[in-house]
Amino acid sequence: MEYSWDFSIVFLRPGNWARGFAVTMVYAVATTVAGLVLGLVCGMVMLSRHTILASPIHGYVQFFRSTPLLIQIVWFYYALPVVIGLNIPAWLAAGLGLTLYMGAFSAEIFRAGIMSIDKGQWQAARALGMMPVQMMRRIILPQATRRMVPPFVNQSVLQLKNTSLLSVVAVPDLMYTGTLLVSETFRPLEIYTALAVFYFIILYPLQRLAKLLEQRDDV
Amino acid sequence: MMSEPLAADAVMVEVKDLTKSYGNVEAVKGVSLLVRRGEAQFVIGPSGCGKSTFLRCINLLEEPSSGSMRVGETAIEFGRGHRMSAREQARFRSNVGMVFQQFHLFPHMTALQNVMEGPVTVKRVARAQARHQAEALLAKVGLADKRDVYPRHLSGGQAQRVAIARALAMQPRVMLLDEVTSALDPELVGEVLEVIRQLTFEGMTMIVVTHEMAFAREVAARVVFMDAGLILEEGSAEELLDRPRNPRLQSFLRRFRN
Ligand SMILES: Nc1ncnc2c1ncn2[C@@H]1O[C@H](COP(=O)(O)OP(=O)(O)OP(=O)(O)O)[C@@H](O)[C@H]1O
Ligand SMILES: [Mg+2]
């Protein structure tokens with residue numbers, strides 16, 4: 001049996017693709033940034049020896065790292081409004097799952113980055129008479145951020161790919177746009193191939209950046 | 001144990017009955033020591049006897065379990081009911097220089113920036129002035145030409161000399177040196193010892209933990225022998241190293257002869 005490829009149908013709905021691209025990018029950037037901020041705060045609390053605050057944060061991080069993102073998104077979309085008895089907008093509910101997911105991974109990257117700095121660096125800074133905030137700002141963070149950038153970039157790449165899961169709750173992202181087009185044209189091979197190419201075009205530069213940062217040898 | 005009484009200002013460091021326990025391991029078991037202004041006090045003893053712990057207590061890198069201490073005009077009591085704030089501890093440490101076996105230079109800063117860091121960040125010295133002083137200190141340890149080099153491009157001996165300059169930049173009352181040549185290749189030991197020798201000539205008060213017995217004999221004003229968390233013998237370098245009385249010190253020294 002011979003399959004005759006027809007990629008022209010991919011370009012059937014340019015307006016939809018443009019919207020899908022915009023939705024994917026907005027969700028990816030917004031949930032990555034919000035997740036990073038959340039992760040920094042949680043990571044700090046985990047590093048402090050404030051046990052009353054730290055143990056629920058540890059619980060959150062463990063839970064979100066150990067459950068499938070798809071379930072988190074579906075849960076936030078359908079169950080959260082019921083549980084809190086509030087009608088939160090669908091777009092927000094969908095983004096919340098993604099944000100908390102990014103936050104959990106960021107918190108761990110941040111915590112591990114700080115912990116990876118040699119104890120001797122802390123001691124040398126303390127021996128000079130630095131206060132904890134000075135040590136962090138002048139000695140620990142400048143070294144730790146260089147180590148944290150590659151895993152953060154990797155996590156952001158994953159985050160952008162993970163936005164494709166939003167399509168299950170009818171957020172009109174790239175993936176959702178493609179799925180609609182498939183049901184209209186019955187041409188899944190062409191459309192999913194095109195989708196893969198779209199994601200690749202967005203993510204390849206980011207991947208290259210991550211590689212460059214990893215190879216940087218200034219520390 | 002001092003034979004003649006000393007005027008208070010002739011003593012830079014005074015440690016009394018200092019102890020430090022980790023759980024039920026007592027690493028330092030009641031050590032008293034007087035270090036006179038401008039003198040190099042050496043500390044020798046077998047591995048694990050508590051030399052590093054003792055030194056780190058003097059810098060409050062470890063919090064002593066009990067006892068008391070005075071460095072310059074600052075006196076501190078340790079133990080129950082005596083808590084120092086983080087700020088007081090930091091201020092105290094800024095007056096005590098520490099040099100580590102493994103250098104612990106800041107890898108993201110050049111040699112010059114390493115030396116400037118303490119004065120600028122802790123003492124809020126103006127940058128230009130701190131740079132001027134740092135350049136002079138690097139010249140003093142023979143590394144004026146390495147000012148813009150990052151630590152990973154320095155040899156062990158050079159790194160340790162930068163670390164000494166970094167500690168000196170704080171103009172400490174006393175310098176604590178913990179086996180500062182032990183991590184170095186043998187051919188690099190000399191250049192670091194030369195810098196320390198220079199400091200003793202200049203009258204820097206120092207407490208030096210070392211296994212370099214020949215060096216101790218040459219430059220130490222006084223030596224103490226520590227064993228199992230206690231000072232077992234103290235005296236001048238000659239007394240201690242050439243005419244040891246304590247049998248444990250005798251056997252310790254015998255190992256260095258061979
Ligand atoms: N953080 C710690 N927790 C528990 N025990 C410790 C700790 N630090 C040191 N000790 C113990 O205290 C004792 C003294 O250690 P210390 O490092 O002061 O010895 P040292 O004389 O400096 O030895 P070395 O010559 O090998 O450097 C050792 O028995 C060591 O195991
Ligand atoms: Mg030691």
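In the predicted model, buried residues account for 44% of the 219 residues of chain A. The secondary structure of chain A comprises 8 helices and 0 strands, giving the pattern α-α-α-α-α-α-α-α along the sequence. The C-alpha trace of chain A extends over about 75 × 50 × 30 Å along its principal axes. Of the contacts in chain A with a separation of 6 or more, 77% are between residues 24 or more positions apart.

The accessible surface of chain A amounts to about 11700 Å², and carbon and sulfur atoms contribute 70% of this area. Chain A carries 16 positive and 10 negative charges, whose mean positions lie 15 Å apart.

In chain B, helix H6 covers residues 186–201 and contains 16 residues. The distance from the first C-alpha of H6(B) to the last is 24 Å, close to the 22 Å expected at 1.5 Å a residue. The buried residues of H6(B) are B:Leu188, B:Val189, B:Val192, B:Leu193, B:Val195, B:Ile196, B:Arg197, B:Leu199 and B:Thr200. In an α-helix, residues three or four places apart point the same way because there are 3.6 residues a turn.

Both helices and strands of chain B contribute to the cover over the buried residues of H6(B). The helices include H4 (127–140), H5 (156–168) and H7 (213–219) of chain B, while the strands include E3 (40–44), E7 (174–178) and E8 (206–209) of chain B. Just after H6(B), B:Gly203 adopts a positive phi of about 80°.

Notes: Residues numbered from 1 in each chain as written. Chains lettered and ligands numbered in written order. Predicted model: local features only at pLDDT ≥ 70, side-chain atom pairs only at ≥ 80, totals over all residues. Heavy atoms only, no water. Helix = DSSP H or I, 4+ residues; strand = E, 2+ residues; numbered from the N terminus. Buried < 20%, exposed > 50% of the residue type's maximum accessible area, 1.4 Å probe, protein only. Contact = heavy atoms within 4.5 Å. Areas by Shrake-Rupley, 256 points an atom, 1.4 Å probe, with all protein chains shown as cover. Lys, Arg positive; Asp, Glu negative; His and termini not counted. Charge placed at Lys NZ, Arg CZ, Asp CG, Glu CD. Expected span 1.5 Å × (residues − 1).
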